[in-house]
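Subject: Structure handover

Hello,

Here is the structure I promised to pass on. Please open it alongside this email, and the notes below will walk you through what turned up.

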Amino acid sequence: MLRLPRWRVILVIIVSIFGIVFASPNLLPENVRAAMPPFLRQTLNLGLDLQGGSHLLLEVDTTELKRQQLDNLADQMWAALREAEPTIHVAGRGVVGDAARVRVVEAGDMARAITALRPLTHDQTNGQESVVFTQLPDGTIEGRMTELAIRALTRDAAQQSIEVIRRRVDPTGANEINPVRQGEDRIVVQAPGISDPEQLKELIGHTALLTFHMVHTSATPQDGAVPAGYMLAPGYEGTPQEIVRRRPSLTGEHLVRANAAFDQQTNEPVLSFGLDGQGTTTFCRITRENTGQRFAILLDGAVLTAPRINEPICGGSGQITGNFTVQSANNLAVMLRSGALPAPLTVIEERTVTAEVGEDAIRAGQKATLVGGLAVVAFMVLAYGTFGALACLALVINIAQIIAVMSIWGATLSLPGIAGLILTMGMAVDANVLIYERMREEQANGRGPALAIDAGFSRALVTIIDSHVTQIGVALILFIFGHGPVRGFAWTLSIGVVTSVITATLVTQFFIAIWFRIARPKKLPI
């Protein structure tokens, strides 16, 4: 008698029910799904090629990017001269036009100053010349970036922006948001299912650079004059302007946590944040040294809030208040967790993509799936009879499991995903073919039906696992290094490989055991 362990029977029943229950909402009308519990309402998202969505063409703001780099260069020039032995006295630093400037006080120090600045002329990553220094008669030294350095900086900024955009709008990689670089300074973003481009722009359009600045102790915006080393920071969505120190005391690169929360006293939406070890130490020192003074938290140069430091804050966490709504606090948290864009992005083209070919594509996909499924069923039934029919029944559960997992995960199904689904159908019965052929061999060698079935599953298992491990390795490589449609194909394929092993070795064996108990055959019909 062919017997299965109780745990295996329970596992097969649970897995089968799971696939059917969580895949079924995709076949039900909207009004029926609305009456179901929330955890059962999840369905597959359709890709841009099936349901339409938003299309944005973005351009890196090279002017702002260059200005930021020149600001950094001016600071580096000032630091290099101050750290020289003996110190080279500098009267000031800044950016004028396309050049970073410092002015050397003593004319006799000019030669030493040029020597001290020489390490800044070459890029440390590739060794190429990136900055050219010139000296003026009044003791000013100007540093200008080379065209080659500007182009490399723009390319790097575009590539970094792509990764930040992907983390903001598709953190799991399952929704096939596909930002790609176009040329040196442009990025194309396609978002399936997002019919309003403004929703996409809200997440992408902010640099999300969080900085902490000390507020001037006496000067106010009403004075009309900004002291040297300070700047007038505008308010963020209604908050007042502040005169803050130009150089930030702390930046958002030290954030390790950012999430929306509610103030325990006012119950208003706030942004809760946490800092890493270095950020915690710096923040503690700043608040200890400036107790009683005000410091401002800026987002992209605009004041979110400017509270007074009542006591040292050394716990490494805090909250930011402002004119937040729940949605804006959540969006800001997502942007901060994703990291700051290296430069502002300008939207130069936006449009809503309608699924003009979506219905035709869906019909073609349904037809391909149906034809492929019927071909598999016909082959298995003709080749293996009753056992082939049982394998096809397990295949139905396999497809249900794939759809269920993708629905729960919120994955997007596109045309390449449908191709992966059809490919999985064909590969799923490979394991059954190996098992059934092994059964034939065992029966031909004189074994009884029960022993032949048991040997077929046990001895073919190693081969099945080896072949599927290879397949899932390829699928993972495609998912890690691919984007957009390639990821959609890899996502469907990798899920299908895992579910195929389960259905071929467990579910099929369960069905055959039930058949064996009912039929009690003297010989396997295979």
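Let's begin with Q509, which lies in helix 14 (helices are DSSP runs of H or I with at least four residues, strands are E runs of at least two, both numbered from the N terminus). Before going further, please note that this is a predicted model, in which local features need pLDDT of at least 70 and side-chain atom pairs count only at pLDDT 80 or more, while totals for chains, interfaces and linings use all residues. Residues are numbered from 1 along each chain as its sequence is written, and side-chain values use heavy atoms, with hydrogens and water left out.

Is Q509 buried or exposed? It counts as buried, because its relative accessibility is 5% (buried means under 20% relative accessible area, exposed over 50%, and partly exposed in between, with a 1.4 Å probe and protein chains only). The side chain of Q509 makes a polar contact with the side chain of R8 at 2.9 Å. (A polar contact is a pair of N or O atoms within 3.5 Å; within protein, one must be able to donate a hydrogen and the other to accept it, and residues adjacent in sequence count only if both atoms are side-chain atoms.) Leaving aside neighbours within four places in sequence, Q509 is in contact with L4, R8 and F457, where contact means heavy atoms within 4.5 Å.

Next, the nonpolar cores. The largest one has 35 residues, and M380, F387, Y436, M439, I453, I512 and L524 touch the most other members. (A nonpolar core is a set of buried Ala, Val, Leu, Ile, Met, Phe, Trp, Tyr and Cys residues joined through side-chain atoms within 4.5 Å.) Helix 10 (358–384), helix 11 (386–409), helix 12 (415–444), helix 13 (449–481) and helix 14 (485–519) each supply at least two residues of this core. Helix 14 gives the largest share, nine residues. Y436 is in contact with residues including M380, F387 and I512, again leaving aside neighbours within four places in sequence. There is also a second, separate core of 26 residues, with M214, L250, I286 and F295 among them.

Four strands form an open, antiparallel sheet in the order 7-8-2-18 (two strands pair if DSSP finds at least two bridges between them). Strand 7 (180–182) and strand 18 are the edge strands, each pairing on one side only. Strand 7 meets strand 8 over three bridges, and Q182 has R186 in strand 8 as its bridge partner. Strand 2 (residues 53–60) has seven of its eight residues buried. Seven bridges pair strand 2 with strand 8 (residues 186–192), and H55 stands opposite Q190 there.

C284 sits in helix 8 (residues 277–289) and C314 in the loop between strand 16 (302–305) and strand 17 (317–320), 30 residues apart. C284 is buried, with a relative accessible area of 9%, whereas C314 counts as partly exposed at 38% relative accessibility.

Best wishes
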